[in-house]
Amino acid sequence: MANLNELYQEILLEHNNRPRNFRKPEDANRQADGYNPLCGDRVTIYLKVEGDVIADVAFQGVGCAISRASASMLTQSVKGQTLSKAGEIFDVFHARITEPGGEADDDDLGDLEALSGVSAFPTRIKCAILPWHTLNAAIENTEAAASSVSVTTE
Amino acid sequence: MSTAFAFGPFDVARIREDFPILKQTINGRPLVYLDNAATSQKPQAVLDALVNYYTTENSNVHRGVHTLSQRATDSYEAARSKARQFINAAKDEEVIFVRGATEGINLVAQTYGRQNIGPGDEIIISAMEHHSNIVPWQILSQEKGARLKIVPVNDDGELLLDEYEKLLNPRTKLVSIVHQSNALGTINPVEQIVELAHRQGVPVLLDGAQAVAHVPVDVTRLGCDFYVFSGHKLYGPTGVGVLYGKAGLLEEMPPYQGGGEMIRSVTFEQTLYNTIPNKFEAGTQNIAGSIGLGAAIDYVAGLGLDNIAAYEKELLDYGTKRLAEIGPLRLIGAARRKGSILSFVMDEVHPHDVGTILDVEGIAVRTGHHCAQPLMERFGVPATVRASLAFYNTKEEIDTLVKGIDRVIEVFGR
């Protein structure tokens, strides 16, 4: 049976209550908007990319605890990473939350591990992934930050 | 226990026996189904009608000379008569079977609308419409250069009739308004809405997708020109619904889709169209679904919509009282005339998280924008939790909902 305490782990609730990097950086040079048309969740990811390194990352938006915590943890885990490393983190994270019962492997996801409980709630996987698709869109959006691009979960 | 369920003539414990799906458990808990505004459950009588049709009558209607075809045709046309009686239309041929309320609205937009609405004309809808009563008119307006005018709602979720009256003008060509709001439960004063429009000679379509299951509908008394509803929200099958239209209007309207059944004669040079209702029923229709809808109408009529409305009012009042006692919860929609819908938001907890926690407790609610994004914007919320009640729900189930919300508060208050 789906376990609520597995889903709403304390660390997830803590990120929901006090999201990290919940702001709009003045010097962001890439951004993208994510939208889940089914539930109305919206997230904007802002990046400051220097060379191939994510020097700063932040987000804003409205959404459920899962999407908000996922976005908050995302900013923690990709800040200071290269663009390709950020992609690798997403791949590991994606596998972790879409493969129920998958054992944690060597890739330590840090706080993101707290989202692994989502795998038992198929209707909520999109909530956790929305910020990550948005991150990918922001990484690819090399135009000026003013011209935000949009992605959806559909 | 039965006394706890019974209100006047209503024996809910016995009624629940008619709905096999309600007997199951979800996540180890008895199912508490509070998503009736999305779709309602089906009584055994409807399931039996579907099985009986496919077991003993399955055949195409209005086609063959053989016995089965006649049986199928009789049952299909009997279902039309039941629908006619149910909404008190004047004639059977004013009842068109469609896929649902959405198709009914699209049909009117694409036939009556394209024929009668042109550049600079105006269509009046309201701020509480379902997307299905917004988008078809937007498509038409874009094609024709017409404009949508929106009747605003107040903070309780009631239409502002004064504003509506001001919107009516010689450019108004159609009014299309929801009878009962799916997101708030508001029951609109459709009698006045029709009367005010008719004073200016403007026809009115009423979207009855929610209303038909909860309030008695009499299209003759209302005087509305079109009325649409879906079978599946009326305890019938999915994929079937009704468009009611006044015969005079339907006869003047061009066909919606071309195909079999809707023709009188076809040559490669020209086609003569069939009379109503067949003109609007191209191709083989949802025969089984229509017969199932007929069985659902029999079932609902057997309980009596007045009895249903009275019982659901008791449930709504009880639910409203219980939910109002929960501090961090805010009910959205406090119309004086309201159907059995409890739409709410919670401080600091997103509706989706509420919905997941309630699901673990076996409680099915809808969370989201309820296909009414402009309305959500009006109330400044991205989404709500919606518990929508039917006559088979009980006060005990509302108590379970309240306990489920306590669990939400517990999980998020850690």
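Visitor: Which residues of β17(B) are buried on one side, and which on the other?
Guide: The model is predicted, with local features needing pLDDT of at least 70 and side-chain atom pairs counting only at pLDDT 80 or more, while totals for chains, interfaces and linings use all residues. Residues are numbered from 1 along each chain as its sequence is written, and chains are lettered from A and ligands numbered from 1 in the order of writing. A residue is buried if 20 or more other C-beta atoms lie within 10 Å of its own, exposed if 12 or fewer and partly exposed in between, with C-beta atoms placed from the backbone. Both faces of β17(B) are covered, one by B:T384, B:R386 and B:S388, the other by B:V385 and B:A387.

Visitor: How many residues of strand β17 (residues 384–388) of chain B are buried?
Guide: Strands (E, at least two residues) and helices (H or I, at least four) are DSSP runs, numbered from the N terminus. This strand of chain B is mostly covered, and the buried count is 5 of its 5 residues.

Visitor: How many bridges join strand β14 (residues 341–346) of chain B to β17(B)?
Guide: Two strands pair if DSSP finds at least two bridges between them. B:I341 stands opposite B:S388 in β17(B). The two strands run antiparallel, and the number of bridges is 4.

Visitor: Which residue of β17(B) stands opposite B:T367?
Guide: Strand β16 (residues 366–368) of chain B also runs antiparallel to β17(B), joined by 3 bridges. In β17(B), the residue opposite B:T367 is B:V385.

Visitor: Which element gives the most to the side of chain B that touches chain A?
Guide: Residues are in contact if their C-beta atoms, placed from the backbone, lie within 7 Å. The contact takes 15 residues from chain B and 16 residues from chain A. On the side of chain B, α13 (351–360) and α15 (395–412) are the elements that give two or more residues. With 5 residues, the element that gives the most is α13(B).

Visitor: How many nonpolar, polar and charged residues does that side of chain B have?
Guide: Ala, Val, Leu, Ile, Met, Phe, Trp, Tyr, Cys and Pro count as nonpolar, Asp, Glu, Lys and Arg as charged, and the others, Gly among them, as polar. By class, the side of chain B that touches chain A has 6 nonpolar, 7 polar and 2 charged residues.

Visitor: Which residue just after α13(B) takes a positive phi?
Guide: The helix α13(B) is mostly covered, with 10 of its 10 residues buried, including B:P351 and B:V360. Just after this helix, a positive phi of about 90 degrees is taken by B:G362.

Notes. Two residues are in contact if their C-beta atoms, placed from the backbone, lie within 7 Å.
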